[in-house]
Amino acid sequence: MRDVREVWAAGSAQVTKWRQQPVIVQTVRAAAAATVAYVVALRFSPEAAPLTAPLTALLVVQVTLYATLTTGIRRVNAVVAGVLVAIGFSALVGLTWWSLGLLILAALAVGHLVRVSEFVPEVAISAMLVLGVTRIGDTAWARILETVIGAVVGLGCNLLFAPPVWVGAAGESIEDLARRMRRLMLRVGDEAAGRTQVAVAAESLHEARQLDHDIVDVDAALKQAEDSLRLNPRVREGLLHRVVLRTGLDTLEICTVVLRVLTRTLTDLAKERTPEPLFESHIGSVFEQLLSEVGDAVVSFAVLVTTDVSRSAESAEARLAHELTAATATRDKLAQLLLAEVQRDAHQWQLYGAVVTEVTRMLDELDMEHRSRRLLEELDRCTREQRERMPRLDRLRRRLRRARRNRRAPSARTT
């Protein structure tokens, strides 16, 4: 009996893992929406095989509700524009090689004018398909009807079965990036404590440069998470979540750039000091400790920006504050040791100063006060842009807030 329960639990965990995969969610939702769109189109379209409806639903349905809505609107606009272009051409000329070329040219131009983004080729495709049939009127309106059916079914699929919020996947990507940065810092610190060869330092520099590619992957996951928060009925403070994650990734990206500069500085220092050690033994041990503490702070920062529960966030914030305090003290100790080294031999003073400066930049980016100011500035900017983009909706919100406050005021006076 126990084995059966364990197998059942393992199977449930595997199913849950599959449900949280974007590719699997996209595949199941798109297939279901296309099938439903075809069934609905069979009842309303005069065509024997209304394949435009499932095709539209297949292209409209996206992983997030926001992407589905915006894609559906652009898709319908593209098809309607293509059909209208085809109707205009059919009234003037027939289907010949030169009229086909003019049709494609005009359809692509119209696609850019109506701003259908990635669906510009769909305008030309719709125009060609409609122009190539004999009963131009019936086919044109049938194609528009099927497109609307497919778009509505695709949107309804995500409205009835709300897509997941991809904040967890984006948070895992951010934390994974922070842990890769920490591993690189630990290795660089370990190498600096001994006799660092130029080739070894250059290899660390190459790995630091590879973190730029990791930033691109994390940014893609974060964009998907931001889209999943927009217009999602299960999320109340979508703007706050988006700003917290985006500013957190921006901070890690800056730290990645500074880390790359730091490894370049250490590579140049290794060239200057060959065959001597990169640092004296007592300086190297302090530098190794400093990078270890900064790496821990980077991971704690990533955990902080990806944590939703307030109690866990407070714990992560306290841990980050402690690690930043320890790293700052170690940085000051390293600066004193390097100052003494420069006073003894000022040959590499620029590189020693650069090491301290670059570590200080990372600590400043991870500082809690700096992050709070950055969050407030970004929230103000996003709120201002929303007001400027949708002034009527903003006025409606303010009226509702005033009405809510006015309803609460009499009850407060009576009590």
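Which helix supplies the largest share of the nonpolar patch? The largest share, three residues, comes from helix H6 (residues 120–131). The patch lies on the surface and consists of Leu95, Leu100, Ile125, Met128 and Leu129, with about 410 Å² of accessible area together. Patches of this kind are built from residues with over 30% relative accessible area and no salt bridge, nonpolar side chains (Val, Leu, Ile, Met, Phe, Trp, Tyr) being joined within 5 Å and like charges within 9 Å. Ile125 belongs to helix H6 and is partly exposed, with a relative accessible area of 37%.

The model is predicted: local features require pLDDT of at least 70 and side-chain atom pairs pLDDT 80 or more, whereas totals for chains, interfaces and linings use all residues. Residues are numbered from 1 along each chain as its sequence is written, and side-chain values use heavy atoms, with hydrogens and water left out.

The protein chain contains 15 helices and zero strands; these elements are DSSP runs (helices H or I, at least four residues; strands E, at least two) numbered from the N terminus. Of its 415 residues, 40% are buried, where buried denotes under 20% relative accessible area, exposed over 50%, and partly exposed the range in between (1.4 Å probe, protein chains only). The chain exposes about 23100 Å², and carbon and sulfur atoms supply 58% of this area, as computed by the Shrake-Rupley method with a 1.4 Å probe, with only the protein chains shown counting as cover for residues. Among contacts (heavy atoms within 4.5 Å) between residues at least 6 apart in sequence, 78% join residues at least 24 apart.

The largest nonpolar core comprises 59 residues, and Phe279 and Val294 have the most contacts inside it. A nonpolar core is a set of buried Ala, Val, Leu, Ile, Met, Phe, Trp, Tyr and Cys residues joined through side-chain atoms within 4.5 Å. Two or more residues are given to this core by each of helices H8 (167–192), H9 (198–229), H10 (238–273), H11 (281–305), H12 (310–344), H13 (349–366) and H14 (368–389). Helix H11 gives the most, with 14 residues. Neighbours within four places in sequence aside, Phe279 is in contact with Ala192, Leu266, Leu269, Arg273, Gly284, Phe287, Leu338 and Tyr352. Another core, of 13 residues, lies apart from the largest one and includes Ala86, Phe89, Val116 and Val123.

Nine salt bridges are counted, each defined by a side-chain nitrogen of Lys or Arg within 4 Å of a carboxyl oxygen of Asp or Glu. Arg180 and Asp214 meet in one of them (3.1 Å, N to O). This pair links distant parts of the chain, with Arg180 in helix H8 and Asp214 in helix H9, 34 residues apart. Arg180 counts as partly exposed at 21% relative accessibility, and Asp214 counts as buried at 18%. Asp176, Arg180 and Asp214 are linked in a network of salt bridges.

A further salt bridge joins Asp296 and Arg182 (2.6 Å, N to O). Asp296 lies in helix H11 and Arg182 in helix H8, so the pair ties together parts that are 114 residues apart in sequence. Asp296 is partly exposed at 24% relative accessibility, as is Arg182 at 28%. The side chains of Arg344 and Glu341 also form a salt bridge (2.4 Å, N to O). Both residues lie in helix H12, three residues apart, about one turn of the helix. Arg344 is exposed at 58% relative accessibility, whereas Glu341 is buried at 8%.
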